[in-house]
Amino acid sequence: MPSAHPHYDRLIDAVRQFPPLRVAVVHPCSDVAVHAAVDAAQQGLIQPVLVGPLAKMAEAAARAGVDLSPYEQHDVPHSHAAADLAVQLALRGQVDALMKGSLHTDELMGAVVRRDGGLRTSRRISHCFVMDVPGHPHPLIISDAAINIAPTLEEKVDIVQNAIDLAHALRLPEVRVALLSSMETVNPKVPSTLEAAALCKMADRGQITGAVLDGPLAMDNAIDPEAARIKGIVSPVAGQANVLIVPDLDAGNMLAKSLSFLAHAYAAGVVLGAKVPIILTSRADSQAARLASCALASMLVAAGRDGRIKAVG
């Protein structure tokens, strides 16, 4: 039988050439979080550094039926302390990435974005899903569906550049960015169309680099060549976009979940724009999606080390 997630299979296979990524797993105190870390370690993708209350991590491991003794562990009293220590480990260069365990995303990101002692860079922090959609010829990068609620035009510049960097880290042969709206014409009454047009002109002027951009584009004519042909859109992006930039978090979240639950797509995710990649996993993620999320972080670190992207984040 053909694989249900061929793009993820290729991604994970590509990462096996790299040494395991040292990852601080933040507060892995549930059976799902423990399994996510151990599965990725057993696949050779990461070298987990477990940060959380030792007793709770041991209880979670017992429930999950896994052995944590092979892995480095740091004892802290609670989830906030786990997030703080994980950030410090990253700042000291002791880990290459962070991975969310069984704490709220807000807790982890609060420690990451702290102005003093956090992991901020000059880039806006944003999240990318890499979707493996059954039957689609290539993976789809969607941003931002998890962090930036209603990004400004200035913030979207970084959101787009972060997504382009991820596409280059994944070695996509050509990066084609569609700036999504509900329509493909510029309408002064629809702000997302104005911002899409501005972002395209910024790319023309070298303010966004590494990809070809087009927008506004509606979802159909961004990914379906026939829809683009019917609408008469002549563009190197229309009908074949591999990066989809959404207007806001609501649109991105609904797009990603629609693909997951209606098209049976897999969704791996990573946060960019910080000093190290941050792997955000969900209790609802499949094993393939969790492993692919770890692989994304590994590809980003390798691309930053090799100078193939302007910044890791």
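## A buried arginine and its partner

Let's start with arginine 176, which is buried at a relative accessible area of 11%; here buried means under 20% relative accessible area, exposed means over 50%, and partly exposed lies in between (1.4 Å probe, protein chains only). The side chain of arginine 176 forms a salt bridge with that of glutamate 174, at 3.3 Å from N to O. A salt bridge is counted when a side-chain nitrogen of Lys or Arg lies within 4 Å of a carboxyl oxygen of Asp or Glu. Glutamate 174 is partly exposed, with a relative accessible area of 40%.

This is a predicted model, in which local features need pLDDT of at least 70 and side-chain atom pairs count only at pLDDT 80 or more, while totals for chains, interfaces and linings use all residues. Residues are numbered from 1 along each chain as its sequence is written, and side-chain values use heavy atoms, with hydrogens and water left out.

Side chains of opposite charge can pair when their charged atoms come close.

One of the bridges joins aspartate 165 and arginine 123, at 3.1 Å from N to O. This pair links distant parts of the chain, 42 residues apart: aspartate 165 sits in helix H6 (residues 153-169), and arginine 123 in the loop between helix H5 (105-112) and strand S5 (126-132). Helices (H or I, at least four residues) and strands (E, at least two) are DSSP runs, numbered from the N terminus. Aspartate 165 is buried, with a relative accessible area of 4%, and arginine 123 is buried too, at 14%.

Arginine 229 and glutamate 226 form another bridge, at 2.6 Å from N to O. These two are about one helical turn apart because three residues separate their positions in helix H9 (residues 225-230). Arginine 229 is exposed, with a relative accessible area of 55%, whereas glutamate 226 is partly exposed at 39%.

## The nonpolar cores

A nonpolar core is a set of buried Ala, Val, Leu, Ile, Met, Phe, Trp, Tyr and Cys residues joined through side-chain atoms within 4.5 Å. The largest one here has 70 residues, and Ile141 and Leu166 have the most contacts inside it. Helix H11 (residues 287-306) supplies the largest share of this core, 13 residues. A second, separate core holds 27 residues, among them Val76, Val95, Met109 and Ala111.

What does leucine 166 contact, leaving aside its neighbours within four places in sequence? With contact meaning heavy atoms within 4.5 Å, its partners are Cys128, Val130, Ile141, Val270, Leu272, Leu296 and Leu300.
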